[in-house]
Amino acid sequence: MANSTASCRFEFLLRSESIIFRSSLFAANSLTAISTMILNSLILLSIWNTPSLRKPSHILIANLALADFLLGAVGQPLIVLKDILFILKRDKWFDAVCSIAAVGKTLTYWLGSVSAFTLTVISIDRFLAIKLKVSYANQVTTKRVSAVLFLWWIISGISSFYFFLLSELKLKTLIALFCTAMACGLSITTTSYYKATKLLRELVSQIVPEGSNEQTSKNSTFNVSKYKKSLKTMILVLITVMAFYTPYFIALVVRVAFSNEIDDDVFIYHVLVWAEFLLFANSTINPVLYLWRMRDLRKAVKSFLRTVIRKERNSGLTELTVSSNRSNVVGVC
């Protein structure tokens, strides 16, 4: 047992053996995982089945939804499995629990880096949309955006796998590297949104006639109102993500930075685990924000659901008709 503990990089995440604590965590993660998968799958399927939404801005939303979906479909089930093994018997399953914790953390940081990168690309995309105006569609294409996102999935996946599972770097070093990367992404995102907001204000001042409801600038057919709403929506998404992620990173930094002083502090561990759950819960909130703020996406989801319901009804009627015909044939015989 001592050797296993010493070799387990994420042993500090395996502290509490309280049945009540583990059961509560099990229930919370199970419920949010289900809602995360359902809501984000709706976003993904609706964008996929609506040709008019297959454009860069919605491809980026779909990528966020994909990362959130995988977090609910794979990441949280690993957490649930870990809690189940804890409840059954920790000592017996310690090596398995430690491996699950390592894989789960690797996956969490991989998907977290994908989400952070996507938010950064979205901020740059909004800035370019406002700066380039009419020429935006020719320079920012779906293929280019998809290629950038796919490349990052590969790079971040390999990096996460290597650093968390293969390298011998200390956990403090890994957390420091991850937080530095997140800080760089946040600075780029903040700068892009600041410049985009500044450009948008300049465009608003050019609208004619002054004080009217006209939404077109003097120099182009650029729809200021549309992009203003889009910009506000994505800034709201960013703020929400930061609000849900910040408690986890604060708790993690405190735990890792003062590991020698608080090794036996179960309270810090509980704060860290529930802060991690809050991070997972954000994956359920994001699609709600999309549906609330994005009218075209909301219409696409409604249309997709109507299509599914209609197909189910037609399938049911077909089966009923076939069954009725068979009954009539049997009756005649």
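A polar contact is a pair of N or O atoms within 3.5 Å; within protein, one must be able to donate a hydrogen and the other to accept it, and residues adjacent in sequence count only if both atoms are side-chain atoms. The model is predicted: local features need pLDDT of at least 70, side-chain atom pairs count only at pLDDT 80 or more, and totals for chains, interfaces and linings use all residues. Residues are numbered from 1 along each chain as its sequence is written, and side-chain values use heavy atoms, without hydrogens and water.

**View 1. Thr189 in helix α7.** Helix α7 covers residues 171–204 and holds Thr189. Helices are DSSP runs (H or I, at least four residues), numbered from the N terminus, and strands are runs of E of at least two. A polar atom of the Thr189 side chain sits 2.8 Å from the backbone oxygen of Gly185. Thr189 is buried, at 2% relative accessibility. Buried means under 20% relative accessible area, exposed over 50%, and partly exposed in between (1.4 Å probe, protein chains only). Leaving aside residues up to four places away in sequence, Thr189 touches Leu119, Thr120, Ser123 and Leu238; contact means heavy atoms within 4.5 Å.

View 2. Helix α8 spans residues 224–257, 34 residues in total. Its first and last C-alpha atoms are 47 Å apart, close to the 50 Å expected at 1.5 Å a residue. That expected span is 1.5 Å times one less than the number of residues. At Tyr245, shortly before the proline Pro247, α8 has a kink of about 35 degrees. The bend is the angle between axes fitted to the seven residues ending at a residue and the seven starting there.

**View 3. Trp110 and Trp153.** The whole structure contains 10 aromatic pairs. Trp110 and Trp153 make an edge-to-face pair, 5.7 Å centre to centre with 80 degrees between the planes. Rings of Phe, Tyr and Trp (its six-membered ring) pair if their centres lie within 6.5 Å; planes under 30 degrees apart are stacked, over 60 edge-to-face, the rest tilted. Trp110 lies in helix α4 (residues 94–132) and Trp153 in helix α6 (residues 142–166), so the pair ties together parts that are 43 residues apart in sequence. Trp110 is partly exposed at 26%, whereas Trp153 is buried at 13%.

**View 4. Tyr162 and Phe163.** This aromatic pair is also edge-to-face: 5.3 Å between centres, 70 degrees between planes. Tyr162 is partly exposed, at 44% relative accessibility. Phe163 is partly exposed too, at 30%.
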